[in-house]
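Work through these exercises with the model open. Try each task before reading its solution.

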Amino acid sequence: MTLSTTSQMTWIDIGATTDIPRRGARCVVTPQGKIAVFRTADDRFFAIEDHCPHKGGPLSQGIVHDAAVTCPLHNWVISLETGKAQGADEGSVRTIPLRHEGEKLYIALDVAMRRAG
Amino acid sequence: MSQDDKIPSAASDGPLRLVVIGNGMAPGRMLEHLLGEAPGRYRITIFNAEPRVNYDRIMLSPVLSGEKDYEQIVIHGDGWYIKNGITLYKGHKIVAIDRVAKTVTSDHGVTEGYDKLVIATGSTPIILPVPGNDLAGVLSFRDLDDVNAMLLAAQSRSKAVVIGGGLLGLEAAAGLKSHGMDVTVLHLMPTLMERQLDSAAGYLLQQAVEARGIKVITKANTKAILGMRKVEGVELADGTIIPATLVVMAAGIRPNGALAKRAGLEINRGIVVDAQMQTSDPDIFALGECAEIGGHTYGLVAPLYEMARVLAARLAGRDASGFVHNDTPTKLKVTGIDLFSVGDFADGEDRQEIVLRHASAGIYKRLVLKDNRIIGTVLFGETGDGAWFNDLKKKSVDISDMRETLIFGQSYQGGAPLDPTAAVAALPDDAEICGCNGVCKGKITGAIASKGLTSLDDVRAHTKASASCGSCTGLVEQLLKLSLGGTYNPAAVQPMCNCTDLGHDDVRRLIRARGLKTIPALMQALEWKTSCGCARCRPALNYYLVCEWPDEYADDYQSRFINERAHANIQKDGTYSVVPRMWGGVTSAAELRAIADVVDKFAIPTVKVTGGQRIDMLGVKKEDLPAVWADLGRAGFVSGHAYAKGIRTVKTCVGSDWCRFGTQDSTGLGIRIEKFMWGSWTPAKVKMAVSGCPRNCAEATCKDVGVICVDSGYEIHFAGAAGLDIKGTEVLGLVKTEDDALKVIVALVQMYREQARYLERIYKWAKRVGIEEIRRQILGDAAKRKAYFDRFVFSQKFAQVDPWSERVSRLHKHEFKPMAVIDFAPAAE
């Protein structure tokens, strides 16, 4: 199977906002690996690669505080907005475009990511 | 970026090609400087003979002793190389340099061209030329592979011999000893570390090492290593034979210049370089342990980092001061042994010395003077003034005026004794604080002021001071205190985290006093500085609230660490391990059969017996956890809470039921304690044990709480440790009956639950509040004991719920399933 290489974004329905607890996260499984979808205390939603830039820890399993998550393996703090490691640590994860319409959540998988596989 | 004339550009346009042979700390630091000074100037390729990234070799000793793991000592993770566009060939050893074609070739056949080449091949351990030196079980102590091999060998807990009583040898010996090996150090010279210590300090060091149960034989001339295929022992020249299954050669290092020599570069002891790190070929540089400058080669990190600075400036095309030889102070990284030495301390006619001895305190200080200037310092037992003495030495200060009081240290000068902060305050700005990273006082205070640093961690992150061996941590804390005044006082109140200025004890007190019953209410009332805390304060607050209001507080699931949310232990690959409870370590055929069936059904890759007398199933996928628990639950298993800051295990021996020495039913008591206390959350994990007699087969004397059964009753122990720290228990007291034992233990644990700071183990809490005070409240005050006991019993009403069966019945089911699974086929156009 070859994948589309169009530059258009394809928005994919991943479920309802209520599927994710506040200050929590859920995973979305894709052929290119897991994506972590977060919900903050004030009901903002973010999607990033579920893979800490440090040692690949599953960020979806971390503790969510403000718009950041602390990796469960070695406590790196990653910004959900930028994907960048906070504090003195350096590194970043890919952020995934996410749209939030009413109760529905959509993420966009861009061409680069789809071709990466 | 401006091009510099000093370095010719490559034949083609674009960046120059820089090839680095070796990936140790020196080239790593050099590249950090270079990338900072001249980003994009080079296309960088590194060949590393070791199959890994750059890690902190100074910290191999703490890895060996178990105080740190490999992950914690990595300096540059894979991401760093990717981010900086560096190609790293792991496990590639360069076998040839072609200086005419300007290429290097690796043992895997990769050939790479260079414009500039850096050789950083380090050093090789000296292997004594004695028979048997190639037997299996003979190791050196240079890299992570050596440490891993030693850790494996240490599992046997048998006998080890370390050849060499220098810095490395003693650290190896202490590490092996901490894993329970029977260790003997062989040293050729009459006293230990004779190159860094005079004989008096060497003798004190030997006593301190022997006090740790390590045997030391000096004047030991190794004749042969004995054994057929594997090491069986070491034979000395005087005929003594020492049995051993592991021999560690730590007899010194030799600069590794073999590759450079084959390439025709000038070699003496090391690869000869000038003060700008250039070898006899103008396009080839060397740095690190393989380099020789002005007749000196180096093995300590400070001069190697200095070389890194010099070479980076040179490669960046910048004029910078060249490398200057400086004596580097020596410190030993063995917990509890303080020694410091720098400079020259040999006797001589033109020299005088000042010596201070304090035998009962184990203190020895000696300053060697020449022309009224310090040229050497040896400190043992109390090393706080090392930085000051070294500074006086470096600057050649005339000490005639303070000669009488010099040895008492800096705080003694100028009349009244000063406090340690004042001593640090008196240091000049260019006084070196961190020897490993060459960070001076001015740089640290400057960073504190300009970057607004407020904690030790901040200083480590921004200046690297105290970030390598950590022995200057005290000095750095003094500088923080000095710079920040009243706002920094680590001894008094350490804030819980960056979200508040309040310490743990204040928060606990205010929860009670103000009746705070939820995390948002608490954060509001106590003026938290962040909107919803962080990963450090939230789990602590959740625990404090659970403990304080067991019936009213609704546990905040999202404030628990993943292990306590998933009720299993997360592993490095994101899978989990599952440990069912085995009461008192007793099991049955039916239970074992159920475990075997689960392992087969879910294809669990590893099954292991734990230290707490249970069975650990490792590598379970998160999605499988509820089904695994369901099957285990049907066989009667509940969660072992092996993941929790809570009651873990009660280890037992077989006691009077089977053992001919058993005095009481230790198994029965252990099971009774575990059934009474399981499910309780505690500030940190609580591991217990009950031994049926003083032979102590259940190892109760290194547990958080332990019982030793004796004929006359039950000896209650507590505050032991056998992890990062090793500490025997304290005896709380003797009680007559099993019922009394249970009551005392429960009251003790409740007192700990109510007073300790989150993540503070019992032994640390006990040290803080005092053993006597705990004994007074638990044994001396019946009313207090009963109140503690009653509060524990009350809280158990809400805590003793098996979390596994709750989740099998679909509580928190979102935790275990992905939200969505995306297959690309339908989305494709």
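**Exercise 1. Chain A**

How many helices and how many strands make up the secondary structure of chain A?

Solution. This is a predicted model, in which local features need pLDDT of at least 70, side-chain atom pairs count only at pLDDT 80 or more, and totals for chains, interfaces and linings use all residues. Residues are numbered from 1 along each chain as its sequence is written, while chains are lettered from A and ligands numbered from 1 in the order in which they are written.

Step 1. Apply the rule: helices (H or I, at least four residues) and strands (E, at least two) are DSSP runs, numbered from the N terminus.
Step 2. Chain A has one helix and ten strands.
Step 3. Along the sequence the pattern is β-β-β-β-β-β-β-β-β-β-α.
Step 4. Of the 117 residues in chain A, 42% are buried. A residue is buried if 20 or more other C-beta atoms lie within 10 Å of its own, exposed if 12 or fewer, and partly exposed in between; C-beta atoms are placed from the backbone.

**Exercise 2. Where the chains meet**

Find how many residues of chain B are in contact with chain A, and how many of chain A take part.

Solution.
Step 1. Two residues are in contact if their C-beta atoms, placed from the backbone, lie within 7 Å.
Step 2. By that rule, 30 residues of chain B are in contact with 39 residues of chain A.
Step 3. On the chain B side, α13 (456–463) and β41 (820–821) are the elements that give two or more residues.
Step 4. That side has 16 nonpolar, ten polar and four charged residues. Here Ala, Val, Leu, Ile, Met, Phe, Trp, Tyr, Cys and Pro count as nonpolar, Asp, Glu, Lys and Arg as charged, and the others, Gly among them, as polar.
Step 5. Look at Asp458(B), in helix α13 of chain B. Asp458(B) counts as partly exposed because it has 18 C-beta neighbours inside 10 Å. Ile448(B) is ten residues from Asp458(B) in sequence, and their C-alpha atoms are 8.5 Å apart.

**Exercise 3. A sheet with strands from both chains**

Give the strand order of the open sheet of five strands with mixed pairing.

Solution.
Step 1. Two strands pair if DSSP finds at least two bridges between them.
Step 2. β2 (residues 24–30) of chain A and β41(B) run parallel, joined by two bridges. Val28(A) has Ala820(B) as its bridge partner in β41(B).
Step 3. The order is β8(A)-β4(A)-β3(A)-β2(A)-β41(B).
Step 4. β8 (95–96) of chain A and β41 of chain B stand at the edges, each with a single partner strand, so one side of each is left without a neighbour in the sheet.

**Exercise 4. A sheet in chain B**

Which strands form the open sheet of four in chain B, and in what order?

Solution.
Step 1. The order is β30-β31-β33-β32, with antiparallel pairing.
Step 2. β30 (569–570) and β32 are the edge strands, each pairing on one side only.
Step 3. β31 (residues 576–578) and β33 (residues 615–620) of chain B share three bridges. One partner pair is Tyr576(B) and Val620(B).
Step 4. β32 (residues 606–609) of chain B meets β33(B) over four bridges. Thr606(B) has Leu618(B) as its partner, and Val609(B) stands opposite Ile615(B).
Step 5. β32(B) and β33(B) form a hairpin with five residues between them. In the turn, Gln613(B) has a positive phi of about 65°.

**Exercise 5. The largest nonpolar core**

Name the residues that touch the most other members of the largest nonpolar core.

Solution.
Step 1. A nonpolar core is a set of buried Ala, Val, Leu, Ile, Met, Phe, Trp, Tyr and Cys residues joined through C-beta atoms within 7 Å.
Step 2. The largest has 136 residues; Ile119(B), Val247(B), Val248(B), Ala286(B) and Leu287(B) touch the most other members.
Step 3. α9(B) gives the most to this core, with ten residues.
Step 4. Another core lies apart from it, with 75 residues, including Ile35(A) and Leu545(B).
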